Structure formats: structure tokens, C-alpha cells
Amino acid sequence: MAAVAFNIDEAYEPNAQEIEAAGNAARVLSRVDSSRPVHLTVEGAGDGVISLPSGVFNSIVRMLVEIGNGHAVTVVPVQAELTTSQAADLLNMSRPHLIKLLERGDLPFRMVGTHRKLLGRDVLTYRSRMDAARHDALQGMADLDQEAGLFDDHATLDRP
């Protein structure tokens, strides 16, 4: 496993103009048929046209959507090995809490000497599971409120 330096503090923080530009680009590019490689013309480049595989193109569009929503972004290779501090930053939790999760077996890790290392893929999968669990719990609370007559209309939550 290759270790990759990852620092949440190095996440790209867009300014207001970049947020608007990224949002506009995401809206335009999301309409492109990405089932095949996408060819883009780049101004100022030597030959001008580049070809992007559909998966790469879709990742770029997702990044633009996040920036367009004003979110900071960073790239974490899924094969990257993260330290517990890096993983805790990515999960927005304390390192001691993450250690408890690791000791409980909630996330896989390996020991390198006395240090725990986690795969970026495992950390991101765990984050997705926790996001889904929070969404389901919130939807359950909304359903209970609806049954109790606390809402006039029943609206389901949009899943991210």
C-alpha cells in the first residue's frame, strides 16, 4: 500500500466568483451524454481537444457541483492510506472517537508498527453509511411527527 499525504487543511476553498462559475459549469456539463468518452476543446492548448473517459468526466462534474454549492473540495485517492488524524478530519470527528470505532470493529484498519492506517475507500464508505443512517433516522422522525399530526403536509427528505 502506498501512503499518500492527505491534509484536510489543504482542501480547496472557492471564492464567490469561483462558486458561481463552478455552478454554471456543472449545470452545462451535467447535460452532456457521458456514457462514452467526452471530448473537450481547451483554449490555449497545443492541439486544443482532450478526451476524458466517462468516469473521469463524471468525477469532474461532481467536483464542480460541490464547488458550485460552496463546499471546499479535496481529492483523496481511495487506495490512499490515511492516518487516524486524517481519517478523523475526513469524518469530522475527534481522533479518540475514531479510535473507539476502530477498536469496536466499525472500520477496518491495519497496524504499521504502532500506528493504525485506514484505506481512504473504507473511510469514505463508512461516511456514506453514516450519512444514510442519519437520513433514515431523520425521515423516521418526520414520519412520526406526521403520524402525530404535527405537520399539515408530508414531504419526504431528499437523499443526497
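Modeller: A helix crossing counts as right-handed if the near helix is turned clockwise from the far one by less than a right angle, and left-handed if anticlockwise. This is a predicted model: local features need pLDDT of at least 70, side-chain atom pairs count only at pLDDT 80 or more, and totals for chains, interfaces and linings use all residues. Residues are numbered from 1 along each chain as its sequence is written, and side-chain values use heavy atoms, without hydrogens and water.

Biologist: Which hand is the crossing of H3 and H5?

Modeller: Right-handed. H3 is residues 84-91 and H5 is 120-147 (DSSP runs numbered from the N terminus: helices H or I, at least four residues; strands E, at least two).

Biologist: At what angle do H3 and H5 pack?

Modeller: About 30 degrees, with the axes 10 Å apart (lines fitted to C-alpha atoms, for helices over the stretch in contact; angles run from 0 to 180 degrees between N-to-C directions). That makes H3 roughly parallel to H5 (under 35 degrees; over 145 is roughly antiparallel, 65 to 115 roughly perpendicular, the rest oblique).

Biologist: Which residues meet there?

Modeller: From H3, Ala87, Leu90 and Leu91; from H5, Val123, Leu124, Tyr126 and Arg127 (heavy atoms within 4.5 Å). By class, six residues of this contact are nonpolar, none polar and one charged.

Biologist: Now the sheet. What is the strand order?

Modeller: S3-S5-S4, an open sheet with antiparallel pairing (strands pair if DSSP finds at least two bridges between them). S3 (81-82) and S4 (110-112) are the edge strands.

Biologist: How many bridges join S4 and S5?

Modeller: Three. Arg110 stands opposite Lys117 in S5.

Biologist: Which strands does H5 touch?

Modeller: S3 and S5; the direction of H5 makes about 70 degrees with that of S5.

Methods: Nonpolar A, V, L, I, M, F, W, Y, C, P; charged D, E, K, R; others polar.
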